[in-house]
Amino acid sequence: MTFRPLHDRVLVRRIDAAEKTAGGIIIPDTAQEKPQEGEVVSAGSGTRREDGALTPLDVKAGDRILFGKWSGTEVKLDGEDLLIMKEADILGIVG
């Protein structure tokens with residue numbers, strides 16, 4: 001299935017957090033927090049200004065991003081858990 005977000009929305013795949021601490025303690029799934037880092041799978045075309053001009057998004061497919069803990073809407077596409085969020089929910093791009 002192909003999915004293309006509209007306007008200023010972005011489709012994001014979470015990047016799994018480490019399952020061990022630096023000291024080697026294994027963290028069970030129930031105690032792990034959801035990661036706040038992800039990879040952009042696809043992005044919308046951008047928003048329209050009042051004059052009708054298109055303002056493109058700052059992120060593109062393949063970018064690694066940080067986002068807020070409660071950002072986005074969880075969706076399941078082709079059996080994979082993904083997030084759809086607005087570009088404004090993205091805190092920054094990880095270089």
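**Close-up views of a predicted model**

Leu57 counts as buried because its relative accessibility is 14%, where buried means under 20% relative accessible area, exposed over 50% and partly exposed in between, computed with a 1.4 Å probe and protein chains only. The model is predicted, so that local features need pLDDT of at least 70 and side-chain atom pairs count only at pLDDT 80 or more, whereas totals for chains, interfaces and linings use all residues. Residues are numbered from 1 along each chain as its sequence is written, and side-chain values use heavy atoms, with hydrogens and water left out.

**View 1. Surroundings of Leu57 and Asp8.** Leu57 belongs to the loop between strand E4 (54-55) and E5, the strands (E, at least two residues) and helices (H or I, at least four) being DSSP runs numbered from the N terminus. With neighbours within four places in sequence set aside, Leu57 is in contact with His7, Asp8, Arg9, Val10, Ala43, Gly44, Ser45, Gly46 and Glu87, contact meaning heavy atoms within 4.5 Å. Asp8, in the segment before strand E1 (9-14), is classed as buried because its relative accessibility is 15%. Beyond residues up to four places away in sequence, Asp8 touches Gly46, Thr47, Leu57, Met85, Lys86 and Glu87.

**View 2. The largest nonpolar core.** This core has 10 residues in all, namely Val10, Val12, Val40, Leu57, Val59, Ile65, Phe67, Leu83, Met85 and Ile90; a nonpolar core is a set of buried Ala, Val, Leu, Ile, Met, Phe, Trp, Tyr and Cys residues joined through side-chain atoms within 4.5 Å. At least two residues of the core come from each of E1, E5 and strand E7 (80-86). In soluble globular proteins, nonpolar side chains tend to be buried together.

View 3. Leu66, Leu91 and Val94 make a nonpolar surface patch of about 270 Å². Patches are made of residues with over 30% relative accessible area and no salt bridge, like charges being joined within 9 Å and nonpolar side chains (Val, Leu, Ile, Met, Phe, Trp, Tyr) within 5 Å. The accessible areas come from the Shrake-Rupley method with a 1.4 Å probe, and for residues only the protein chains shown count as cover. Leu66, which is found in strand E5 (residues 64-67), counts as partly exposed because its relative accessibility is 37%.

View 4. A search of the whole structure finds 8 salt bridges, each being a side-chain nitrogen of Lys or Arg within 4 Å of a carboxyl oxygen of Asp or Glu. In the bridge between Arg13 and Glu80 the closest N and O atoms are 2.5 Å apart. This pair links distant parts of the chain, with Arg13 in strand E1 and Glu80 in strand E7, 67 residues apart. Arg13 is partly exposed because its relative accessible area is 30%, and Glu80 is likewise partly exposed, at 29% relative accessibility. Arg13, Glu39 and Glu80 are linked in a network of salt bridges.
Another bridge joins Asp63 to Lys60 (3.2 Å, N to O); here Asp63 is buried at 10% relative accessibility, whereas Lys60 is exposed at 54%. In the bridge of Asp51 with Arg49 the closest N and O atoms are 3.5 Å apart, and Asp51 is exposed with a relative accessible area of 59%, while Arg49 is partly exposed at 46%.

View 5. Strands E6 and E7 run antiparallel and are joined by 5 bridges, two strands being paired if DSSP finds at least two bridges between them. Thr73 stands opposite Ile84 in E7. The hairpin has 2 residues between the strands, and Asp78 takes a positive phi near 55° in it. Asp78 lies in the loop between strand E6 (73-77) and E7 and counts as exposed because its relative accessibility is 57%. Most residues other than glycine have a negative phi. His7, in the segment before E1, also is not a glycine and has a positive phi of about 55°.
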